[in-house]
Amino acid sequence: MADLDDIKDGKDWGIGIPAKNEPFFLKGSEGLDWGMKSRLTRIFNPRSGRTVMLAFDHGYFQGPTTGLERIDLNIVPLARHADVLMCTRGILRSSVPAACGKPVVLRCSGGNSILSELSNELVAVDIEDAIRLDAAAMAAQIYIGAEYEHQSIGNLVKLIDSGNRFGMPTLAVTGVGKDMVRDARYFGLASRMAAELGAHYVKTYFVEDGFERVTAGCPVPIVIAGGKKLPELDALTMAYKAIDQGASGVDMGRNIFQAESPSSMIQAVGAVVHDNEKPAQAFNMYKTLMSEELSHATAS
């Protein structure tokens, strides 16, 4: 504790030097409070302004899908290569060591399953539990044009309002129902709606035709969903095109943990996202890392 002894007057006032305020690096986030910006800085790398999120929240409605049978064996070893982990609170508490030190975007909507209507969700996590878990952000699905569109939007709004009270960002995830058309017009609509409602960033799907209009029309950062499993080169190409057309990162699951070498794949994706590596070079990186991994496994 400071005491009253040896008090000296200040002398380094910087007279004539204007006070410096650094602009915040993230699209649409300049007006946010300090705590909100701090959490977003944990999600998005300030150097590149982008993020590689590792998504393994699929079990909340799919159960133990391929690659997620054992989180401790299949996912935890990948965490060090990700910027952010996206998962449910149950998996976080049961299977992810706190010592991994990675920020977490917490899946906070749920209540559906692959056996029922996907859009019929509710808010599944209270803000107090998200704070207790030191979440960097909360995530909720919205299903524009689906049977329970209004309900899913209501879930998102509740999370945004509660998050704003405590300085925690909300990620809106644009869910697609079985009968929805996956095109730029739909994803542009859903992403813009989410941002207008107050989402701090949006997860949506990449489309070949018109994706740059989706990102241009959304005033907050967009990260793309990995979607279904693709050949590794195709997944890297998708990530590259998305970044080139304005995306601020990826939230990949199956295209990483179902790859032949998940560790090599997430590192190659990171090179595309943060270093603008071209797909062919990133794929060569993937193959080299996989070869080294196999050599090491054989030697041991």
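How many residues line the largest pocket, and which of them lie nearest its centre? The largest pocket is lined by 36 residues, and Arg182, Tyr205, Gly227, Lys228 and Arg254 lie nearest its centre.

Before I go on, this is a predicted model, with pLDDT of at least 70 needed for local features and 80 or more for side-chain atom pairs, while totals for chains, interfaces and linings use all residues. Residues are numbered from 1 along each chain as its sequence is written, and side-chain values use heavy atoms, leaving out hydrogens and water.

Now the terms for the voids. The search runs on a 1 Å grid over the protein atoms alone; a pocket is an open set of points with protein on both sides within 12 Å along at least five of seven lines, a cavity is a set where a 1.4 Å probe fits but cannot get out, and lining residues have an atom within 4 Å of a point. A volume is the space filled by probe spheres set on the points, which are joined across faces, edges and corners.

The largest pocket has a volume of about 790 Å³. Its lining divides into 14 nonpolar, 11 polar and 11 charged residues, where nonpolar means Ala, Val, Leu, Ile, Met, Phe, Trp, Tyr, Cys and Pro, charged means Asp, Glu, Lys and Arg, and polar means the others, Gly among them. Helix 9 gives the largest share of that lining, four residues. Helices are DSSP runs of H or I with at least four residues, and strands are runs of E with at least two, numbered from the N terminus.

Helix 9 also packs on helix 12, residues 279-299: their axes come within 9 Å and cross at roughly 135°. That makes helix 9 oblique to helix 12, oblique being whatever is left after under 35 degrees (roughly parallel), over 145 (roughly antiparallel) and 65 to 115 (roughly perpendicular). Axes are lines fitted to C-alpha atoms, for helices over the stretch in contact, with angles from 0 to 180 degrees between N-to-C directions. In contact terms (heavy atoms within 4.5 Å), Glu232, Leu233, Leu236, Thr237 and Tyr240 of helix 9 meet Pro279, Ala280, Ala282, Phe283 and Tyr286 of helix 12. Those residues divide into eight nonpolar, one polar and one charged.

The second largest pocket has a volume of about 220 Å³. Of its 14 lining residues, Leu92, Ala98, Lys102, Val104 and Leu133 lie nearest the centre.

Last, the cavity. A search of the whole structure finds one of 30 Å³ or more. The largest cavity has a volume of about 40 Å³, and its lining has eight nonpolar, no polar and no charged residues.
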